[in-house]
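Hi there,

Here is the structure I promised to pass on. My notes on it follow below.

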Amino acid sequence: YERGNRVRDEDTTLDVYPEPAYVINPGEIATRKNATLLQKYFDDPFMSPYLADFETLAALPPVHVVAAEYDPLLDDAIAFCRKMKEAGGAVSLEIVPGMTHGFLNLVLSSKACTAAAQQCLVAVSKMFDKGEEQ
């Protein structure tokens with residue numbers, strides 16, 4: 001494959017960038033020799049906070065989750081917030097309309113992304129202000 005080519009199979013469509021060594025098909029992980037090494041990251045609550053137990057989630061400071069409306073991980077964000085609430089933790093969820101995953105990376109090239117990033121900054125500022133009031 002050359003940089004910039006599109007790779008397609010029945011499960012995946014990927015743009016090859018920066019080089020093909022980074023392309024991993026979903027079924028390929030299980031067949032790799034290092035699958036056990038990768039699996040420890042998939043099971044790590046530091047990589048996926050949803051995997052944390054209720055006691056750990058309840059002990060976290062207030063959490064504000066920002067998710068994009070068209071983010072493939074939106075369902076995961078919602079599930080995490082529900083679990084956090086069930087654990088007794090303080091959590092809020094903001095779904096930014098019209099945005100896709102990674103929108104914060106596009107603030108220099110999109111007015112809509114810049115406006116959405118401003119919303120995130122306001123939310124973070126409010127959380128710090130609440131902390132100072134205590």
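**The largest pocket**

The lining of the largest pocket divides into 14 nonpolar, four polar and two charged residues. Here Ala, Val, Leu, Ile, Met, Phe, Trp, Tyr, Cys and Pro count as nonpolar, Asp, Glu, Lys and Arg as charged, and the others, Gly among them, as polar. Please keep in mind that this is a predicted model: local features need pLDDT of at least 70, side-chain atom pairs count only at pLDDT 80 or more, and totals for chains, interfaces and linings use all residues. Residues are numbered from 1 along each chain as its sequence is written, and side-chain values use heavy atoms, with hydrogens and water left out.

Of the 20 residues that line this pocket, D71, L73, D76, A77 and H101 lie nearest its centre. A pocket is an open set of points on a 1 Å grid over the protein atoms alone, where a 1.4 Å probe fits, with protein on both sides within 12 Å along at least five of seven lines; lining residues have an atom within 4 Å of a point. The space in the largest pocket is about 470 Å³, a volume being the space filled by probe spheres set on the points, which are joined across faces, edges and corners. At least two lining residues each come from β3 (63-70) and α4 (74-86), and α4 has the largest share, with five residues.

**Fold and core**

The protein chain has five helices and four strands, in the order β-β-α-α-α-β-α-β-α from the N terminus. These are DSSP runs numbered from the N terminus: helices are H or I with at least four residues, strands E with at least two.

How much of the chain is buried? Of its 134 residues, 22% count as buried, meaning under 20% relative accessible area, with exposed over 50% and partly exposed in between (1.4 Å probe, protein chains only).

The largest nonpolar core has 12 residues: A52, L57, V63, V65, A67, L74, A77, F80, C81, M84, A87 and V91. Such a core is a set of buried Ala, Val, Leu, Ile, Met, Phe, Trp, Tyr and Cys residues joined through side-chain atoms within 4.5 Å. Both β3 and α4 supply at least two residues of this core, and α4 gives the most, five residues.

**A few residues to look at**

A79 sits in helix α4 and is partly exposed, at 28% relative accessible area. Its C-alpha is 7.7 Å from that of Y50, although A79 and Y50 are 29 residues apart in sequence. Y50 also has K83 over its ring face, 4.7 Å from the ring centre; the rule asks for NZ of Lys or CZ of Arg within 6 Å of the ring centre and within 35 degrees of the ring normal.

T56, in helix α3 (residues 54-59), is partly exposed too, with a relative accessible area of 40%. From T56 to M84 there are 28 residues in sequence and 9.5 Å in space, C-alpha to C-alpha.

C120 belongs to helix α5 (residues 111-133) and counts as buried because its relative accessibility is 11%. C120 and V96 lie 24 residues apart in sequence, with 9.3 Å between their C-alpha atoms.

Best wishes
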